[in-house]
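Hello,

Here is the structure I promised to hand over. My notes follow below it.

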Amino acid sequence: MGHDHGHDHSHGANKKALLISFILTTLFMIVEAVGGFLTNSLALLSDAGHMLSDSISLGVGLFAFVLGERVANYSKTYGYKRFEILAALFNGVTLTLISLYILYEAYHRFMDPPEVASTGMLIIAITGLIVNLFVAWILLRGDTKDNLNLRAAFLHVLGDLLGSVGAIIAALLIIFFDLGWADPLASVIVAVLVLISGWRVTKDAVHVLMEGTPRNVDLNDIINTMEDVPGIISIHDLHVWCITSGQNALSCHAVVEDGVSIGESQKLLRSLEHKLEHKGIGHVTIQLENKDHPHDDSPLCQTEHD
């Protein structure tokens, strides 16, 4: 129960952080887009475009948290929590696409650098930096380490923050040194950083959707922990996957010593569940069986049979 309460608390904090971030990002995105058009700055326009993707992504992430609160049913036995991972995948893909578009636009700007209203660009970029710092701070107060959906949103905002820094530097270079190419250069640097972030989030989301072993789980350690429990001979048919961020699940077959009674089996199960909970696995399904279990010819069964 304590584990569930902790998860619910972090879930509520993460949802609140996303809501505040969504409102602030959307409002400033409008300001930056108008400012980018008025100053003719690609650095500002690319950052505004990125903030638009942020706004959409934060909205999708927020919707994912709300949808994830719906209870499980016969159609969705795990509920809708996996939707958070789909939201993270969407965010990762949009990060990648936005960065590629910025690189395309920057190429044309390098070929023909336009006039940029650098003073207005500087004012808007500094304002954007302040807003992005505040939004990043709000998201950091959430669970950006273990919640993939929130981490994807944070990386979006971090890209915006870097975009604001790049726009500030570009504006200063244009004002003091008349370097017109500083504007597209700043957008290229940001685009590369955003591309890396987008690739990482997308890869992590696909790993979860493919039910890969969670990053924070060591299978050898899990096997040793379970086999160290008195009465357990071996573990096979082991599967560990992630339902959604922070919720790992495990299923396996555990071969027990001969003569173990029903009461002793229940104690074994409680002991295994307790140890696995401390390993970050809250949803456990274990089938106990003796050495003469019927699938002894299975390639996944590593128990030696007489």
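S41 sits in the loop between α1 (2-39) and α2 (42-68); helices are DSSP runs of H or I, at least four residues long, numbered from the N terminus. This is a predicted model: local features need pLDDT of at least 70, side-chain atom pairs count only at pLDDT 80 or more, and totals for chains, interfaces and linings use all residues. Residues are numbered from 1 along each chain as its sequence is written, and side-chain values use heavy atoms, leaving out hydrogens and water.

S41 is buried, at 0% relative accessible area (buried is under 20%, exposed over 50%, partly exposed in between; 1.4 Å probe, protein chains only). Its side chain makes a polar contact of 3.0 Å with that of D183 (an N or O pair within 3.5 Å, one able to donate a hydrogen and the other to accept it; residues adjacent in sequence count only if both atoms are side-chain atoms). Leaving aside residues up to four places away in sequence, S41 touches G36, R109, V116, M121 and D183 (heavy atoms within 4.5 Å).

Next, the surface. Y107, F110, M111, L158, L162, W181, L185, I189, V192, L193 and I196 make a nonpolar patch of about 960 Å². Patch members have over 30% relative accessible area and no salt bridge, with nonpolar side chains (Val, Leu, Ile, Met, Phe, Trp, Tyr) joined within 5 Å and like charges within 9 Å. Areas are Shrake-Rupley, 1.4 Å probe, and for residues only the protein chains shown count as cover. A salt bridge puts a Lys or Arg side-chain nitrogen within 4 Å of an Asp or Glu carboxyl oxygen. α6 gives the largest share of the patch, 5 residues. L158 is in α5 and is partly exposed, at 31%.

Best wishes

Definitions and conventions
Helix = DSSP H or I, 4+ residues; strand = E, 2+ residues; numbered from the N terminus.
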